[in-house]
Amino acid sequence: MSKEPIRTGEIVVFNIDGREIPIVHRVIKVHERQESGEVDILTKGDNNFGDDRLLYAQGQLWLQKHHIMGRAVGYLPYVGWVTIVMTEKPIIKYLLIGALGLLVITSKE
């Protein structure tokens with residue numbers, strides 16, 4: 001992650017306390033406290049109606065810098081759906097791993 005300040009409109013990868021899967025959403029508000037230099041960040045998914053406060057840990061209204069894991073540098077539409085489907089339907093994940101394993105075993109070199 002670069003040292004550049006996070007700006008409104010950027011797409012960031014962040015982790016929420018108590019969740020193991022990172023989330024990739026757009027920054028909609030950045031609030032910097034002048035006295036301490038701390039930065040509060042509010043995010044929102046592009047296809048979501050409201051901000052992400054319902055996704056944050058209970059009682060948490062803003063993200064801090066330690067929640068941010070990185071910034072998006074490219075765009076691949078619908079890739080996030082793969083992680084959602086594999087999380088909600090583990091059988092698909094196992095079928096995919098099995099198919100890849102079978103491909104490795106049967107490939108000739």
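# Exercises on a predicted model

Not counting residues up to four places away in sequence, H25 touches E10, I11, V12, F14, T43, K44, G45, N48, D52 and L55; contact here means heavy atoms within 4.5 Å. The model is predicted, so local features need pLDDT of at least 70 and side-chain atom pairs count only at pLDDT 80 or more, whereas totals for chains, interfaces and linings use all residues. Residues are numbered from 1 along each chain as its sequence is written, and side-chain values use heavy atoms, with hydrogens and water left out.

## Exercise 1: The surroundings of H25

Task: In which strand is H25 found, is H25 buried or exposed, and which side chain does the side chain of H25 meet in a polar contact?

Solution. 
1. H25 is found in strand β2. Strands (E, at least two residues) and helices (H or I, at least four) are DSSP runs, numbered from the N terminus.
2. H25 counts as buried because its relative accessibility is 15%. The term buried means under 20% relative accessible area, exposed means over 50%, and partly exposed lies in between (1.4 Å probe, protein chains only).
3. The side chain of H25 makes a polar contact with the side chain of D52 at 2.6 Å. Such a contact is a pair of N or O atoms within 3.5 Å; within protein, one must be able to donate a hydrogen and the other to accept it, and residues adjacent in sequence count only if both atoms are side-chain atoms.
4. The side chain of H25 also reaches the backbone nitrogen of G45, at 3.3 Å.

## Exercise 2: The sheet

Task: What is the order of the four strands in the open sheet, and which strands stand at the edges?

Solution. 
1. The order is β3-β2-β1-β4, and the pairing is antiparallel. Two strands pair if DSSP finds at least two bridges between them.
2. β3 and β4 are the edge strands; each has a single partner, so one side of each is left without a neighbour in the sheet.
3. From one strand to the next, the twist averages 50°. Axes for such angles are lines fitted to C-alpha atoms, for helices over the stretch in contact, and angles run from 0 to 180 degrees between N-to-C directions.
4. The antiparallel pair β2 and β3 has six bridges; V27, for instance, has T43 in β3 as its bridge partner.
5. β1 and β2 pair over four bridges, and I11 stands opposite R26 in β2.
6. β1 and β4 pair over three bridges, with I68 in β4 as the bridge partner of F14.
7. The hairpin of β2 and β3 has six residues between the strands, and G37 in the turn has a positive phi of about 80°.

## Exercise 3: The nonpolar core

Task: Which residues form the largest nonpolar core, and which strand supplies the largest share of this core?

Solution. 
1. A nonpolar core is a set of buried Ala, Val, Leu, Ile, Met, Phe, Trp, Tyr and Cys residues joined through side-chain atoms within 4.5 Å.
2. The largest one has 12 residues: I6, V12, F14, I16, I23, V27, V39, I41, L42, Y56, L63 and I68.
3. At least two residues of this core come from each of β1 (11–14), β2 (23–32) and β3 (39–44).
4. The largest share, three residues, is supplied by β3.
5. Leaving aside neighbours within four places in sequence, I16 is in contact with I23, L55, Y56, A57 and L63.

## Exercise 4: A residue in a loop

Task: Where does Q60 lie, and is Q60 buried or exposed?

Solution. 
1. Q60 lies in the loop between β3 and β4 (68–71).
2. Q60 is buried, because its relative accessible area is 14%.
3. The side chain of Q60 reaches the backbone oxygen of W62 at 2.9 Å.
4. Apart from neighbours within four places in sequence, Q60 is in contact with R53 and H67.
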